[in-house]
Amino acid sequence: MGLIAREFKAEVETLSTVQHKNLISLQGYCVHDGSQLLIYSHMENGSLDYWLSKLDWPTNPDVCGKRQ
């Protein structure tokens, strides 16, 4: 098993056991023809990266709890 396959397997194992009210759970995974896919539940309100990209970062210093 190559490095990428081992890392993917470790990620699947970790994500399979993580449970938190603010995280969606891993539903499954697929490995086919060299491609790797993680399958998550549908996120009704969109993904975190979508909402973070909508923030006006220069005028929002409190996003990470840091005020300047």
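Me: How many aromatic pairs does the count come to?

Reply: The model is predicted, so local features need pLDDT of at least 70, side-chain atom pairs count only at pLDDT 80 or more, and totals for chains, interfaces and linings use all residues. Residues are numbered from 1 along each chain as its sequence is written, and side-chain values use heavy atoms, without hydrogens and water. Rings of Phe, Tyr and Trp (its six-membered ring) pair if their centres lie within 6.5 Å; planes under 30 degrees apart are stacked, over 60 edge-to-face, the rest tilted. By this rule the count is two.

Me: Which class of pair do Phe-8 and Tyr-29 form, stacked or edge-to-face?

Reply: Their ring centres are 6.0 Å apart. Their planes stand at 70 degrees, so the pair is edge-to-face.

Me: How many residues apart in sequence are the parts that this pair ties together?

Reply: Phe-8 lies in helix α1 (residues 3-17). Tyr-29 lies in strand β1 (residues 26-32), so the parts tied together are apart by 21 residues.

Me: Is Phe-8 buried or exposed?

Reply: Buried means under 20% relative accessible area, exposed over 50%, partly exposed in between (1.4 Å probe, protein chains only). At 10%, Phe-8 is buried.

Me: Which residue forms an aromatic pair with Tyr-50?

Reply: Tyr-50 is partly exposed at 40%. Its pair is edge-to-face, at 5.0 Å centre to centre and 85 degrees between the planes. The partner is Trp-51.

Me: Which residue meets Lys-9 in a salt bridge?

Reply: A salt bridge needs a side-chain nitrogen of Lys or Arg within 4 Å of a carboxyl oxygen of Asp or Glu. The N to O distance here is 2.8 Å. The partner is Glu-13.

How values were computed: Helices (H or I, at least four residues) and strands (E, at least two) are DSSP runs, numbered from the N terminus.
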